[in-house]
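The stops below proceed one selection at a time.

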Amino acid sequence: MKRGGRGARSSGIAREDRGKAVWLRLPERLSEADAQRLSDEAEELRFRPELCVVVLMPSARDFCLGIEESERRFVDCVRAVASLPQPVLAVLRGRTAARGCELALACDLRVASADARFFFPGPGDAGGLGFGAIQRLVRLVGPSRALGMMLRERPVGAAEALRAGLVSRVCRASALRGEVRRLVSELSAKAPLALRLAKEAVYRGLELTLEQGLRLEDDLYVLLQTTRDRKEGIRSFMSGRRPRFVGA
């Protein structure tokens with residue numbers, strides 16, 4: 001595990017580099033300095049070609065309950081997380097509320113403990129709507145479920161979130177850490193560039209017609225065949241060893 005300048009605790013956010021994964025531990029409520037730090041971390045991590053996954057997890061009981069100060073700064077950090085080329089995994093336990101929901105929705109994968117609850121901003125909260133929560137939520141769960149979650153303004157439990165497709169996995173609170181480690185290990189064993197291109201194909205494809213999406217997928221496939229990691233995958237398979245991917 002690497003610890004150093006950017007690994008030391010600062011502004012309430014702690015970073016740990018573990019092989020091809022970076023773990024960012026967040027406080028329950030982000031200060032303006034925290035939001036800026038998260039934006040800065042995301043900006044640096046996007047230029048790490050060997051990186052396979054970024055993990056956002058709580059340092060306390062709850063995932064995220066919002067921001068204490070500038071909401072403008074917060075929306076910037078949400079966009080920075082959403083724009084990361086690597087898969088981003090949110091580890092959700094306890095409460096995820098208001099602006100915290102927007103941060104969770106900006107991630108690609110969400111694993112929740114059985115006691116996790118989501119409190120989506122709704123019309124009853126004068127400042128509740130905005131910052132991308134609606135658009136990301138409806139793309140995840142569909143318009144009817146998204147409206148139900150927002151308009152009813154009631155907690156959404158982990159089981160309902162799993163049925164709706166809001167989270168990809170739910171496990172006991174005591175098993176959450178192990179489940180997350182297994183998932184991170186699984187992703188870290190894959191070729192970093194293949195993970196990035198898969199993410200690109202999914203999100204860019206949503207904005208295209210089917211025909212355009214198929215062309216995009218073909219282009220990305222051809223690009224992947226030209227990489228060093230592709231050749232390494234073939235060599236490692238033929239020699240019966242584990243591949244050593246470098247993200248190029």
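**First stop: a serine and its neighbours**

Select Ser39: leaving aside residues up to four places away in sequence, Ser39 touches Asp76, Cys77 and Ala80, where contact means heavy atoms within 4.5 Å. This is a predicted model, in which local features need pLDDT of at least 70 and side-chain atom pairs count only at pLDDT 80 or more, while totals for chains, interfaces and linings use all residues. Residues are numbered from 1 along each chain as its sequence is written, and side-chain values use heavy atoms, with hydrogens and water left out.

Ser39 lies in helix α1 (residues 32-45); helices (H or I, at least four residues) and strands (E, at least two) are DSSP runs, numbered from the N terminus. Ser39 counts as buried because its relative accessibility is 12%. Here buried means under 20% relative accessible area, exposed over 50%, and partly exposed in between (1.4 Å probe, protein chains only). Now display the backbone nitrogen of Cys77, which the side chain of Ser39 reaches at 3.4 Å.

**Second stop: the cysteines**

How many disulfides does a search of the whole structure find? The search finds 0, a disulfide being a pair of cysteine sulfur atoms within 2.5 Å. Cys64 is in no disulfide, and the nearest cysteine sulfur, that of Cys77, is 8.1 Å away. Cys101 is likewise in no disulfide; the nearest cysteine sulfur to it belongs to Cys64, 8.9 Å away. Colour by accessibility: Cys64 counts as buried at 0% relative accessibility, and Cys101 counts as buried at 1%.

Side chains of opposite charge can pair when their charged atoms come close. A salt bridge is a side-chain nitrogen of Lys or Arg within 4 Å of a carboxyl oxygen of Asp or Glu, and a search of the whole structure finds 17 of them.

- Select Glu16 and Arg25, whose side chains meet in a salt bridge (3.6 Å, N to O). Both Glu16 and Arg25 are buried.
- Select Arg48 and Glu50, a salt bridge whose closest N and O atoms are 2.5 Å apart. Arg48 counts as buried at 16% relative accessibility, whereas Glu50 is partly exposed, with a relative accessible area of 26%.
- Select Asp108 and Lys199, whose side chains meet in a salt bridge (2.8 Å, N to O). This pair links distant parts of the chain, 91 residues apart: Asp108 is in the loop between α3 (99-105) and β6 (109-113), and Lys199 is in helix α8. Asp108 is buried, with a relative accessible area of 17%, and Lys199 counts as buried at 11% relative accessibility.

Follow helix α8 (residues 192-206) to Leu206. Leu206 counts as exposed, at 61% relative accessibility.

**Last stop: the whole chain**

Zoom out to the protein chain, which has 10 helices and 9 strands. Of its 248 residues, 45% count as buried.

Notes
A polar contact is a pair of N or O atoms within 3.5 Å; within protein, one must be able to donate a hydrogen and the other to accept it, and residues adjacent in sequence count only if both atoms are side-chain atoms.
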